[in-house]
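Take a look at the structure below. Keep it open while you read, and find each part as it is named.

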Amino acid sequence: ATIPDNLMRPFMKIMSETPERVTFLRDPFEKFAKDHVKLRVLTGIFAGCEGYIVRIDRDRQLVFDFGGYAVAIRGVHKEDFEVVEK
């Protein structure tokens with residue numbers, strides 16, 4: 001898998017500091033596109049990343065494509081987002 005540096009660095013930082021915020025999901029990333037609006041993170045460590053805010057385990061989490069796997073990150077829903085135009 002090829003993972004862009006602008007996504008890998010924040011992911012490595014989260015994994016080293018607070019790995020409990022990361023959940024690897026079984027479903028493919030494309031599944032989360034249904035009934036969700038694709039967003040771009042504008043602030044925080046994941047600024048520039050694109051994904052979906054999805055409710056998982058009673059918590060809103062950012063789900064994004066990470067090297068072909070769907071990954072959910074807790075604690076990102078408080079950041080600023082913009083809708084990604086198709």
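This report goes from confidence to the sheet, then to single residues and rings.

## Confidence

The model is predicted. The protein chain averages a pLDDT of 91. Of the residues, 98% score at least 70. Confidence is lowest in helix α1, residues 5–17, with a mean of 91. Confidence is highest in strand β6, residues 81–83, at 96.

## The sheet

Six strands form an open sheet. Their order is β1-β5-β4-β3-β2-β6, and the pairing is antiparallel. Two strands sit at the edges: β1 (22–24) and β6. Each of these pairs on one side only. Neighbouring strands of the sheet are turned by 40° against each other on average, direction ignored.

Now follow strand β5, residues 69–73. On one side, strand β4 (residues 59–66) pairs with β5 over five bridges, in the antiparallel sense. β4 and β5 form a hairpin with two residues between them. G67 in that turn has a positive phi of about 60°. β1 also joins β5, through three bridges, and these two run antiparallel.

Some bridge partners are listed here.

| Residue | Bridge partner in β5 |
|---|---|
| V22 | I73 |
| L62 | I73 |
| D65 | A70 |

Is β5 enclosed or open to the outside? Four of the five residues of β5 are buried, so the strand is largely enclosed by the rest of the structure.

Helix α1 belongs in this picture too. α1 lies across β1, β4 and β5. The helix runs at about 135° to β4.

Find Q61 in strand β4. Is Q61 buried or exposed? Q61 has a relative accessible area of 0%. The cut-off for buried is under 20%, so Q61 counts as buried. Which residues does Q61 touch, leaving out those up to four places away in sequence? The contacts are T23, Y52, I53, V54, I56, A72, I73 and R74.

## The aromatic rings

A pair of aromatic rings is described by the distance of the centres and the angle of the planes. The count here comes to five aromatic pairs. Two of them share F11.

Take F11 and F24. Their ring centres are 6.0 Å apart and their planes are at 75°, so the pair is edge-to-face. F11 lies in helix α1 and F24 in strand β1, so this pair ties together parts that are 13 residues apart in sequence. How exposed is each residue? F11 is buried, with a relative accessible area of 7%. F24 is partly exposed, with a relative accessible area of 48%.

Next, take F11 and F66. Their ring centres are 4.1 Å apart and their planes are at 35°, so the pair is tilted. F66 lies in strand β4 and F11 in helix α1, so this pair ties together parts that are 55 residues apart in sequence. F11 is buried, and F66 is buried as well.

Ring pairs link F11, F24, F46, F64 and F66 into a cluster.

Another ring has a charged neighbour. K31 lies over the face of F32, at 5.9 Å from the ring centre.

Methods: Residues numbered from 1 in each chain as written. Predicted model: local features only at pLDDT ≥ 70, side-chain atom pairs only at ≥ 80, totals over all residues. Heavy atoms only, no water. pLDDT = per-residue confidence, 0-100. Pairing = 2+ DSSP bridges. Axes fitted to C-alpha atoms, helices over the stretch in contact; angles between N-to-C directions. Contact = heavy atoms within 4.5 Å. Buried < 20%, exposed > 50% of the residue type's maximum accessible area, 1.4 Å probe, protein only. Phe/Tyr/Trp six-rings, centres within 6.5 Å; stacked < 30°, edge-to-face > 60°. Lys NZ or Arg CZ within 6 Å of the ring centre and 35° of its normal.
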